[in-house]
Amino acid sequence: MRRMAEPLLDRARRAGRRLRANGDARAHYVVCGRDALAYWVVRALLATEFQADRVRITLVVPERPRSDEPDGRDLQGVEVVRADRLDEVTFRRAGLAGADGLALLHQDDVGNMHAALCAQEVEPRLRLVVRMFNTGLANGVRQIFPDSAVLSDASMAAPAFVAAALGEVAPTHFRHGGRTLYVARRDDVRPTDVVCGVADTRDPRQVRLLPADERAADLVIAEATGTPPGTELAARRLRRARRRRRPLTVLLRAVRSFATRKIGVAVIVLLVVIGVLGWLNGRATNANWGDSLYLTLVTTLSGQDPDANKPIAQQIMQVVLNLAGLALIPLITAVVVDGIVNARLALHSGRIQPERSGHVVVVGLGNVGTRVMAQLCDFGVEVVAIDKVPEPRGGALARRLGVPLIVGDAALEETLQSASVGGCQALVVVSTDDETNLQAALNGRAVNPELQVVLRLFDGHFAERIQQAFGIGVSRSVSYLAAPSFAAALLDRAVIATIPVGRHALLVTEVPVAAGSSLDGRPLAAVGRAESVRLLAHARAGQRRDWAPDPRLVIVAGDRLTVVARRAGLNALIREAAPPPPEDPVAPAPRQPQE
């Protein structure tokens, strides 16, 4: 209990120092980033701490934008510090001393660790949230920084891409209150395992989140009492669709790519000339086809058997055949050398692959693509990966999992053809280049009009236009999906799980009720709001969690409410459960002058 209380005491001391130093009692959070995640985290903080007089946000960004994506520097109500280095000087400029929290959101694990050590020199007792791809470093970070959280946006967003690729709900589980819960279709679970309804997705054009009538929701949260039937059926169906590799097909494709087109055309033309002249020579000498073939090959390759007494026509054909032979031998040598080089390059880049069907093609083995590939393999789904870089971040894992890696530009149709996009189950495009992603998606649809395309795009309005124009309706934003968890961790509010539903995200979290709050003394029925907040469980202080509470039960201070909610509904609930703001001290009345 003492260790749990220390961070709260530290924050109280920081608030007191702020008030004494500059008279500003607002909570202060410093966010460091250079991409869309910083933008969405700042927006989530502004939405969570809705009142401007309750929060102060300082955003540290590079001097110049690194990409066309917004990084938050244009948001209103945010103090912006421009610096290319995250060192003690930068943190002091950002007012980190006395701040309540620091979020390090750069895509550089080592750089974030170095920045955290510099921040510790400025503010030793600090709530720290670090973005890291290698979550195995989490224990080391927590040892150095006791009040810290290590999160991976790729790990949070990957289940949404996997779910969209499989055409199923997210294959993720979360454990809370001694129960393992998961999201599933109502038809795929037993009625006794259903905890609550989540969404009505039967009309894709109008998805209803948290409908008032739970029985109308076809997407539910269920308790895992065994193997989830829905996930098991999906994986089994995809296993049946897999095809074994065909060695003969690989050999034929290798032979087809043995030489370049120009050399192949030259060889074919020369062989046609030799064949025609050989046939004419056989007609002139009245030889059968076997003798004609023998005479043609000997004359072409060796130039022997000259005879001045032959008719002029035969002499001309013999000279031409000798000249053709002089050209044929270098061409054969060029074909062999060029073919060996091309075959080795094709094998190294993965372009020589057997025809497949029922697999999933993943474009981009960065942070997100690597997680998506690993989760698909865990579900027994065959995966083919594409990346421009010969050694991408997920290359070693792909080799370990036996996933073929094709090195090439996914925006080119020939690269997609090498991955057998025409027969794949889905195309998941998750590179960091929106232009390449869109081009790959369109080329994939050109090869297979019925292809399920999962596209990574940042701009939601742009995604809607793409859906209307090209019928590509499944798009995901990694930053948008992960930002609520980063913001909640910075505010020291644990997000238990994030449930993606279409382009929306529902949050599962536990909200404590403070004394004197708006919820203190009200019944549990006041917690739930249609299409906004749904109560999952209720717990008294020191008691076990009740998963089917009586809605007439009165809420008291210290209760913990487990809810699934939309962002706006959760923000409103947190404000109602928070303690009332401290009243301003009454200034003493001025003393009356004595007569």
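In this predicted model, four strands form an open sheet in the order β18-β19-β21-β20, and their pairing is antiparallel. The edge positions belong to β18 (495-501) and β20 (533-539); each has a single partner strand, so one side of each lacks a neighbour in the sheet. From one strand to the next, the twist averages 15°. Strands of a sheet pair through backbone hydrogen bonds, in a parallel or an antiparallel sense. Between β18 and β19 (residues 504-512), the antiparallel pairing extends over 6 bridges. Histidine 504, in β19, is the bridge partner of valine 501. Helix α17 lies across β18 and β19 and runs at about 160° to β18.

Leucine 490 is part of helix α17. Its relative accessibility is 2%, so leucine 490 counts as buried, the limit being under 20%. Apart from neighbours within four places in sequence, leucine 490 contacts Tyr29, Val31, Leu45, Gly101, Leu102, Ala103, Arg127 and Val129. Leucine 490 and valine 41 are 449 residues apart in sequence, yet their C-alpha atoms are 9.5 Å apart in space.

The largest nonpolar core has 31 residues, and those touching the most other members are Phe161, Val362, Val372, Leu376 and Val428. Two or more residues each come from α6 (153-166), β12 (360-363), α12 (367-378), β13 (383-387), α13 (395-401), β15 (426-429) and α17 (478-490). The most, 9 residues, come from α6. Valine 372 touches Ala158, Phe161, Val162, Val362 and Val428, with residues up to four places away in sequence not counted. A second, separate core of 30 residues has Ala103, Ala487, Ala489 and Leu491 among its members. In soluble globular proteins, nonpolar side chains tend to be buried together.

Helix α4 (residues 109-122) has 14 residues, which at 1.5 Å a residue should span 20 Å; the end C-alpha atoms are 20 Å apart, so the two values agree. At the start of α4, the backbone nitrogen of valine 110 has a side-chain oxygen of aspartate 108 within 3.3 Å. Asp109, Asn112, Ala115, Ala116, Cys118, Ala119 and Val122 are the buried residues of α4. These buried residues pack against α3 (88-93), β4 (101-104) and β5 (127-131).

Leucine 210 is in the loop between β10 (208-209) and β11 (219-223), and serine 420 is in the loop between α14 (413-418) and β15. The table gives their values.

| Residue | Phi | Relative accessibility | State |
|---|---|---|---|
| Leucine 210 | about 50° | 0% | buried |
| Serine 420 | near 60° | 4% | buried |

Of its 595 residues, 48% count as buried. Among contacts between residues at least 6 apart in sequence, 67% join residues at least 24 apart.

Technical notes. Residues numbered from 1 in each chain as written. Predicted model: local features only at pLDDT ≥ 70, side-chain atom pairs only at ≥ 80, totals over all residues. Heavy atoms only, no water. Expected span 1.5 Å × (residues − 1). Buried < 20%, exposed > 50% of the residue type's maximum accessible area, 1.4 Å probe, protein only. Contact = heavy atoms within 4.5 Å. Polar contact = N/O pair within 3.5 Å; in protein donor to acceptor, adjacent residues only side chain to side chain. Core = buried A, V, L, I, M, F, W, Y, C linked by side-chain atoms within 4.5 Å. Pairing = 2+ DSSP bridges. Axes fitted to C-alpha atoms, helices over the stretch in contact; angles between N-to-C directions.
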